[in-house]
Amino acid sequence: MSLSLLIKATFSCFYSAESLFKMILNHFEQSSCSRRFPLTKQFTGLFCSAESYNEFFSDILYKFLFIIFSYYLFYANLISMTTFLDKAKIKILSGRGGNGIVAWRREKYVDKGGPAGGDGGRGGSIYFIADESMTTLMDFKFQSIFKAENGENGRPKNQHGHGGKDLYIKVPLGTVVKDIENDKIIADLTHHEQTVLVAKGGRGGRGNARFATAQKRAPQFCEPGEPGIERELELELKLIADVGLLGMPNAGKSTLISVISEAKPKIADYPFTTLVPHLGVVKKPSGDGFVVADIPGLIEGASEGIGLGHEFLRHVERCRFLIHVIDITGEDPVSNYQKINEELKKHSQRLGNLYQIIALNKIDSVDEEIREEYLKMFKKYSPDVFLISAATKENIKPFMDFVMQKVEEIPKPEFKIDIDEDLAAFDNDDSDYAIYKIDKNTYSVEGGKLIRLANVTDTRNIDQLYRFQNILASMNVYEALKQAGIKDGDVVKIGHIQFDYYD
Ligand SMILES: Nc1nc2c(ncn2[C@@H]2O[C@H](COP(=O)(O)OP(=O)(O)OP(=O)(O)O)[C@@H](O)[C@H]2O)c(=O)[nH]1
Ligand SMILES: [Mg+2]
């Protein structure tokens with residue numbers, strides 16, 4: 001949870017308590033002490049001389065209740081906020097390959113049985129898998145490091161080690177994965193069970209049996225397993241809902257989603273009750289369902305970061321369409337409607353142009369003429385206006401029939417995020433090498449092939465060192481070093497191997 005959100009929660013909590021505060025002020029207004037001291041009536045009710053002890057103590061009681069209520073709201077809001085997370089940073093490490101081994105075939109009646117060291121198993125790879133039952137990245141708050149199993153070392157009698165188990169990390173639909181090191185987007189998981197490989201396990205090292213040749217029948221060396229891939233990734237969630245519910249705080253969005261789906265967000269008679277998005281599945285008569293998102297209320301200036309809603313607008317960007325919920329018992333519903341639309345336009349062109357159904361809510365609290373008046377007024381802005389009452393469920397059925405029809409009609413927008421080719425997920429980087437002069441006497445040779453060769457070379461084994469040198473020679477690395485100006489005694493670095501150069 002970001003600090004800014006926490007601060008906003010604090011403010012919203014006090015803003016939330018506004019209605020209660022008003023109630024208490026009403027109480028003070030009616031009490032005799034505020035009549036005596038009108039200028040200080042809002043804050044000094046406790047200290048002015050009350051006409052009677054009774055009144056004095058009821059003032060104290062009100063203040064006490066107010067403080068308790070404020071704390072309750074604050075903590076209730078914090079708890080609800082900590083159940084949703086839409087950004088997370090994680091570290092992943094795929095499994096290391098098992099080492100190959102040096103072993104010999106030993107059997108009765110078999111003389112000089114030859115090399116029989118098995119290969120190490122491959123390390124486990126790491127995948128992301130989209131899971132429709134998840135709606136938040138909250139799990140990553142508690143676990144941010146993921147490690148796949150290492151491969152098993154090879155065994156004698158030419159037996160290969162077991163491969164490490166692959167690790168599948170579940171993420172919600174709409175998760176975009178970014179490589180922090182190069183800022184590249186490497187995956188966008190949009191379908192249930194879509195799987196993306198993000199770190200392949202290291203290869204197992206080869207046992208000595210694999211190095212036997214006609215000339216060298218008893219190789220004394222084997223390869224260590226290749227290391228796994230370590231990456232730091234950023235996950236960002238863009239919820240994928242079919243329909244987005246938005247409107248001013250207190251308009252009745254959460255009440256509506258709780259009526260049309262199984263979702264049970266908090267509902268209360270104060271603004272900013274909803275602090276994080278909630279998803280609900282609306283069942284269609286055909287049996288399948290569509291997903292509706294209730295996002296926190298928007299206020300004027302939301303696109304500049306005022307209020308909470310703006311933080312979550314990206315969650316409704318991928319919707320088929322929006323339901324704009326308007327409280328017709330509030331002050332100037334038309335201007336509220338226009339303000340929200342302005343904010344949507346400022347946020348993004350797509351959101352500004354997204355089709356909206358207008359739901360004029362709370363009709364149970366107004367007269368028939370006012371309902372009709374608003375209906376006529378809003379028809380000027382959109383043909384699809386409905387008078388509803390989420391609380392009494394009046395007109396909810398025809399309204400939802402229309403919503404379902406629109407869900408059928410309006411296709412899910414195709415969101416193409418440019419995904420970069422993710423070479424870093426694999427350990428088969430066979431790129432050619434390049435030589436860099438690090439300082440006066442040090443040269444570094446870099447390139448996928450050579451680094452991998454260095455990774456599987458055990459420098460304590462003389463046979464392996466010869467092999468390493470032979471491969472360097474066959475790849476003309478020494479020639480290239482000479483051209484780069486290397487002198488006798490200079491240091492050459494290739495991966496973890498470092499040696500002095502002498503021609
Ligand atoms: N009379 C009446 N009250 C309603 C209706 N719908 C919602 N309310 C009340 O309006 C208040 C606000 O409802 P919410 O559903 O929490 O509003 P919201 O739009 O989710 O508000 P935020 O989460 O703050 O953005 C609650 O007290 C509801 O009981 C309705 O149709 N009629
Ligand atoms: Mg709400």
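How do strand β10 and strand β11 pair, in the parallel or the antiparallel sense, and over how many bridges? I began my notes with this pair, and I found that β10 (residues 278–283) and β11 (residues 289–294) run in the antiparallel sense, with six bridges between them.

**Entry on confidence**

I reminded myself that this is a predicted model, and I therefore looked up the confidence before reading further, since pLDDT is the predictor's confidence in each residue. The mean pLDDT of the protein chain is 82, and 83% of its residues reach 70 or more. Over residues 1–20 the pLDDT stays under 50, and for this stretch the model has 34 contacts beyond four places in sequence. The pLDDT is also below 50 over residues 22–50, a stretch with 31 contacts in the model beyond near neighbours in sequence.

**Entry on the whole chain**

I counted 13 helices and 18 strands in the protein chain. Of its 503 residues, 38% are buried. When I took the contacts between residues at least 6 apart in sequence, I found that 70% of them join residues at least 24 apart.

**Entry on the five-stranded sheet**

I then traced an open sheet of five strands, whose order is β3-β1-β8-β5-β6 and whose pairing is mixed. Its edge strands are β3 (145–147) and β6 (184–189), each of which pairs on one side only. From one strand to the next the twist averages 30 degrees. I looked at one pairing in detail: strand β1 (residues 87–93) and β3 pair in the parallel sense over three bridges, and I92 stands opposite F146 in β3.

**Entry on ligand 1**

Which residues come nearest to ligand 1? Of the 23 residues around ligand 1, I found that G252, S254, T274, G297 and A391 come nearest. Helix α6 (residues 253–260) gives the most to this shell, with three residues. Sorting the shell by class, I noted nine nonpolar, 10 polar and four charged residues.

I looked up two residues that have a positive phi without being glycines. N250 lies in the loop between β9 and α6, and its phi is positive, at about 75 degrees, although it is not a glycine. Is N250 buried or exposed? N250 is buried, because 24 other C-beta atoms lie within 10 Å and the cut-off for a buried residue is 20 or more.

E193 has its place in the loop between β6 and β7 (195–199), and its phi is positive too, at about 70 degrees, although E193 is not a glycine. I found E193 exposed, because 11 other C-beta atoms lie within 10 Å and a residue with 12 or fewer counts as exposed.

**Entry on I410**

My last entry concerns I410, which lies in the loop between α10 (396–409) and β15 (434–439). I410 is partly exposed, because it has 15 other C-beta atoms within 10 Å, a count that falls between the cut-offs of 12 or fewer for exposed and 20 or more for buried. Leaving aside residues up to four places away in sequence, I found that I410 touches R320, F321 and Y355. I also noted D242, which is 168 residues from I410 in sequence and 9.6 Å from I410 in space, C-alpha to C-alpha.

Conventions
Residues numbered from 1 in each chain as written. Chains lettered and ligands numbered in written order. Predicted model: local features only at pLDDT ≥ 70, side-chain atom pairs only at ≥ 80, totals over all residues. pLDDT = per-residue confidence, 0-100. Contact = placed C-beta atoms within 7 Å. Helix = DSSP H or I, 4+ residues; strand = E, 2+ residues; numbered from the N terminus. Near = placed C-beta within 6 Å. Nonpolar A, V, L, I, M, F, W, Y, C, P; charged D, E, K, R; others polar. Pairing = 2+ DSSP bridges. Axes fitted to C-alpha atoms, helices over the stretch in contact; angles between N-to-C directions.
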